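Subject: Structure handover

Hello,

The structure is below, and my notes on it follow. Please read them alongside the coordinates.

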Amino acid sequence: MKTEQTKRTKRFFTYNRSLKIKKGLYAFFALLLLIPVAVAFLAPTVLTITNSFMDKSEITANYGLIFEDAALGGGYISERVNLKLIPDIVSFSQYNTFLIKSPQYLLKFWNSMILVLPIVVFQILIALGAAYCFARFKSRFRSFVFFFYIILMMMPYQVTLVPNYMVADFLGLLETRWSIILPGIFSPFSVFILTKYMRRIPKAVIEAAKLDGVGEWSMFTRIFVPMSKSTIYSVAILVFIDYWNMVEQPLVLLRATPDLHPLSVFLSQINAGDVGLAFAVATVYMVPTLLLFLYSEDYLIEGISYAGGVKA
């Protein structure tokens with residue numbers, strides 16, 4: 001009896017040891033595969049940040065051939081470009097130009113903030129109310145409207161850009177910030193994600209609130225909104241990143257008023273003039289999105305994973 005039990009114990013430990021070895025091998029090979037992928041994704045960002053501290057002459061010596069070739073209309077580059085990670089001499093001249101000597105760059109940065117922040121705030125507020133109605137009240141009309149929201153969300157922005165231009169022209173909003181802010185506020189993306197999450201809220205919680213005499217407004221503000229906190233954060237991050245990098249909308253809707261253009265549009269013009277300055281401006285431009293992502297990474301993952309697992 002003891003011998004049989006000893007054999008079983010040995011087999012158990014042997015199985016566990018082999019399982020750990022297999023898991024370790026899987027993790028090792030997965031790491032070997034993911035490290036080059038991570039390097040490929042991070043290399044442009046790291047190069048942009050480190051090269052922003054290079055002197056102008058050093059940038060010209062390392063990358064001047066690329067930008068000269070692009071200025072001449074493209075073509076074959078016969079010489080190898082030197083991708084340099086660490087500068088020989090650390091220089092802050094580009095940041096001095098961007099932050100102190102040339103206020104137009106900071107103006108474009110604040111243009112981006114003025115355009116994006118109202119879109120994020122009011123799109124979330126409107127989406128919360130619409131998502132609550134879609135999640136709480138059932139009817140055929142509601143299903144049709146929600147399906148229409150999904151169709152609009154699947155369309156690329158370029159498809160709706162011409163109708164937005166025509167409506168803005170009709171309302172007299174062309175060449176103003178409202179021509180970008182108003183369409184952004186009523187984007188269907190936030191409504192879709194929040195609706196998917198709110199439908200996941202247990203019915204038992206709703207029934208218990210009804211028994212306590214909770215009205216619709218209190219139901220919305222005290223139950224649905226607090227329980228959707230992670231999804232609200234994740235949607236806000238995605239909306240911010242989306243509109244922070246917009247290019248087509250300002251080029252079309254603010255065509256005659258370049259003073260209102262965000263920094264995302266202005267970056268291409270900087271590239272043509274001073275490459276070192278472009279690296280510095282691009283680095284500063286990345287700071288808000290990087291900080292937002294690093295601070296709210298857990299909310300982003302949690303909100304998207306929960307919302308994605310809900311049935312429509």
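Among contacts in the chain between residues at least 6 apart in sequence, 77% join residues at least 24 apart; contact means heavy atoms within 4.5 Å. This is a predicted model, in which local features need pLDDT of at least 70 and side-chain atom pairs count only at pLDDT 80 or more, while totals for chains, interfaces and linings use all residues. Residues are numbered from 1 along each chain as its sequence is written, and side-chain values use heavy atoms, with hydrogens and water left out.

The chain has 15 helices and 0 strands. Both are DSSP runs numbered from the N terminus (helices H or I, at least four residues; strands E, at least two). Of its 312 residues, 37% count as buried. Buried means under 20% relative accessible area, exposed over 50%, and partly exposed in between, with a 1.4 Å probe and protein chains only.

Cores

A nonpolar core is a set of buried Ala, Val, Leu, Ile, Met, Phe, Trp, Tyr and Cys residues joined through side-chain atoms within 4.5 Å. The largest one has 57 residues, and the members that touch the most others are Leu 128, Ile 180, Met 198, Met 219, Phe 224 and Trp 244. Helix α4 (residues 103–136) gives the most to this core, with 15 residues. A second, separate core has 5 residues, including Ile 59, Tyr 63, Val 275 and Phe 279.

Apart from its neighbours within four places in sequence, Ile 180 is in contact with Leu 115, Ile 119, Met 246, Gln 249, Pro 250, Leu 253 and Leu 254.

Asn 51 lies in helix α1 and counts as buried at 1% relative accessibility. With neighbours within four places in sequence again left aside, Asn 51 is in contact with Ile 59, Tyr 63, Lys 84 and Phe 279.

Helix α5

The 15 residues of α5 (residues 140–154) should span 21 Å at 1.5 Å a residue, and the end C-alpha atoms are 21 Å apart, which agrees. The expected span is 1.5 Å times one less than the number of residues. Which residues of α5 are buried? They are Arg 142, Val 145, Phe 146 and Ile 150. Seen down the axis of α5, these buried residues fall within an arc of 150°, so they line one face of the helix. The arc is taken over the directions from the helix axis to the C-beta atoms. Their cover includes α4 and α8 (188–198). On the face turned away from the buried side are the exposed residues Arg 140, Phe 141, Phe 144, Phe 147 and Met 154.

Rings

There are 13 aromatic pairs. Rings of Phe, Tyr and Trp (its six-membered ring) pair if their centres lie within 6.5 Å; planes under 30 degrees apart count as stacked, over 60 as edge-to-face and the rest as tilted. Phe 53 and Tyr 95 form a tilted pair, at 5.2 Å centre to centre and 35° between the planes. This pair links distant parts of the chain, 42 residues apart: Phe 53 is in the loop between α1 (2–51) and α2 (56–71), and Tyr 95 is in helix α3 (residues 93–101). Phe 53 is partly exposed at 26% relative accessible area, whereas Tyr 95 is buried at 13%.

The rings of Phe 109 and Trp 110 have centres 5.6 Å apart and planes at 85°, so this pair is edge-to-face. Ring pairs link Phe 109, Trp 110, Phe 240, Trp 244 and Tyr 285 into a cluster.

The charged end of Arg 199 sits over the ring of Phe 146, 4.7 Å from its centre. The criterion is NZ of Lys or CZ of Arg within 6 Å of the ring centre and within 35 degrees of the ring normal.

Regards
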